[in-house]
Amino acid sequence: MIGMGMTEKQGGSDVRSNQTQARAIAAGGRGGAYELVGHKWFFSAPQCDAHLVLARTHDHVGLSCFFVPRFTPDGSKNAVQIQRLKDKLGNRSNASSEVEFLDAFGIMIGDEGRGVPTIIEMANYTRLDCVIGSAALMRAALVQAIHHARRRSAFGRNLVDQPLMRNVLADLALESEAATVLFMRLAHAFEQSADVAPATSAASSSAALAERAWRRIVTPAAKYWVCKRTLEFIGEAMEVWGGNGYVETGPMARFYREAPVNSIWEGSGNVMCLDMLRAMEREPEAAQALFAQWQADAAAHPALRAALGKLPRRARTCRASRGLGTTHRTADRADRAGHAAREARARRCRGGVHCHASRGRLRRKRPRLRHAARHVRSCGHH
Ligand SMILES: Cc1cc2nc3c(=O)[nH]c(=O)nc-3n(C[C@H](O)[C@H](O)[C@H](O)COP(=O)(O)OP(=O)(O)OC[C@H]3O[C@@H](n4cnc5c(N)ncnc54)[C@H](O)[C@@H]3O)c2cc1C
């Protein structure tokens, strides 16, 4: 079993802020042995056989990835001191820890300074795991809800025969099925990456691109959606059980505590959204192949077709609002221009009257709200 050690106190999403240091024992670089010194605020189950750890070498600005085994080659215990096991809301049967590396032994894997892309390869698989785990949680809660509704009688009928309860159960069943189909499709795309044959025609290269888009673009989207929906889903399933759902002697309370974790780790919601947009920006051909595939699939479904029709425009708007869709240089220029404009507005502001005028304009039109709010923030009189 191999765990992960990326998150430090100062940053989990922003792993580039990692400060753990790695010092080469002999010749460094890929495959070289290192000693690690530092601290990880979250570290997977410490009884793992090894962990993949991000740390900074002296010779490189980027982070590198290290294989840190539980035991060193001479059979002694590696110098990874467990400081504490996390006292978690749920997921308690799977320990998480805080550790200190006291010259811990590690081997660099991947190229020096390329630790983030190296570990992201693993993280992409664990994001798929999160989708699968959350879909499984949905299914487990659904089975419990249906079982209960079939046997519990209220107002003269079993719950399952009450029309409103049937609606609730049908909604839950539909969502659970959708999550299952989605993770199966995603898993299929991951499997294909292992034995991909060279594309021989335009059609097969487009299909390969679409598969890549499933892995790279749909994985963060699916993780965002399925893991987040699981929270709501379990709450609804718990309600089907009535008061007993809220009591620890049944299974629902445990499901409920377990539900949020897949949404938080391996990249929280916002981070997944940004990752998806970045993937679309970096791989526009793959994104196009994906849309083309979906359009073909949706051809026979008017509602699906209509929803899909709006998607590229919405994606463009999201990307534009983040400065994506432009080159980095133009985005930088736009940032600098925005900053200069804010400075100029702040300089122009001479006090309360002007600022109140800005606030007055706020009420008339919503788009101005943002400008005025920015003005109020930057003018320094408030
Ligand atoms: C039970 C559990 C086990 C864990 N196990 C491990 C482990 O084994 N190894 C490991 O390395 N880590 C582990 N983690 C840590 C986990 O991966 C991080 O907590 C997670 O990545 C978020 O990082 P953070 O806690 O620093 O929050 P932050 O990075 O501070 O994020 C806080 C919030 O801000 C949002 N956010 C961040 N950046 C942006 C942005 N640019 N724009 C908008 N919103 C943003 C995030 O989505 C999040 O909602 C574990 C966490 C938990 C809860």
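The chain of this predicted model contains 11 helices and 9 strands. Of its 382 residues, 29% are buried. Contacts in the chain between residues at least 6 apart in sequence were also examined, and 67% of them join residues at least 24 apart.

Helix α3, spanning residues 202-240, packs with helix α7, residues 284-298, at an angle of about 100°, and their axes are 7 Å apart. Because of that angle, α3 is roughly perpendicular to α7; the range for this description runs from 65 to 115 degrees. On the α3 side, the contact is made by Ser206, Leu209, Ala210, Arg212, Ala213, Trp214, Arg216 and Ile217. The α7 side contributes Glu285, Ala286, Ala287, Ala289, Leu290, Ala292 and Gln293.

Attention now turns to the ligand. It is surrounded by 23 residues, and Gly12, Ser13, Phe42, Ser268 and Asn270 are the closest. Several elements each supply at least two residues of this shell, namely strands β1 (2-5) and β3 (33-43) together with helices α5 (261-264) and α6 (269-282). Helix α6 gives the most, with 4 residues. The shell around the ligand divides into 9 nonpolar, 12 polar and 2 charged residues. Both domain 1 (2-113) and domain 2 (118-300) take part, with at least three shell residues drawn from each.

Asparagine 91 has a positive phi of about 50°, and glutamate 266 has a positive phi of about 60°. Asparagine 91 is found in the loop between β6 (80-85) and β7 (97-109), whereas glutamate 266 lies in the loop between α5 and α6. Helices α5 and α6, on either side of the loop that holds glutamate 266, are among the elements that supply residues to the ligand shell.

Along the sequence, glutamine 10 and tryptophan 41 are 31 residues apart, yet in space their C-alpha atoms are 8.9 Å apart.

Arginine 150 belongs to helix α1, which covers residues 115-151. With 12 C-beta neighbours inside 10 Å, arginine 150 counts as exposed, because the exposed class takes in residues with 12 or fewer. Once neighbours within four places in sequence are left aside, arginine 150 is in contact with Asn158 and Val160. The C-alpha atoms of arginine 150 and aspartate 161 are 8.0 Å apart in space, with the two residues 11 apart in sequence.

Conventions. Residues are numbered from 1 along each chain as its sequence is written. This is a predicted model: local features need pLDDT of at least 70, side-chain atom pairs count only at pLDDT 80 or more; totals for chains, interfaces and linings use all residues. A residue is buried if 20 or more other C-beta atoms lie within 10 Å of its own, exposed if 12 or fewer, and partly exposed in between; C-beta atoms are placed from the backbone. Two residues are in contact if their C-beta atoms, placed from the backbone, lie within 7 Å. Axes are lines fitted to C-alpha atoms, for helices over the stretch in contact, and angles run from 0 to 180 degrees between N-to-C directions. Angles under 35 degrees count as roughly parallel, over 145 as roughly antiparallel, 65 to 115 as roughly perpendicular and the rest as oblique. A residue is near a molecule or strand if its C-beta atom, placed from the backbone, lies within 6 Å of it. Ala, Val, Leu, Ile, Met, Phe, Trp, Tyr, Cys and Pro count as nonpolar, Asp, Glu, Lys and Arg as charged, and the others, Gly among them, as polar. Domain bounds come from an automatic or database domain assignment.
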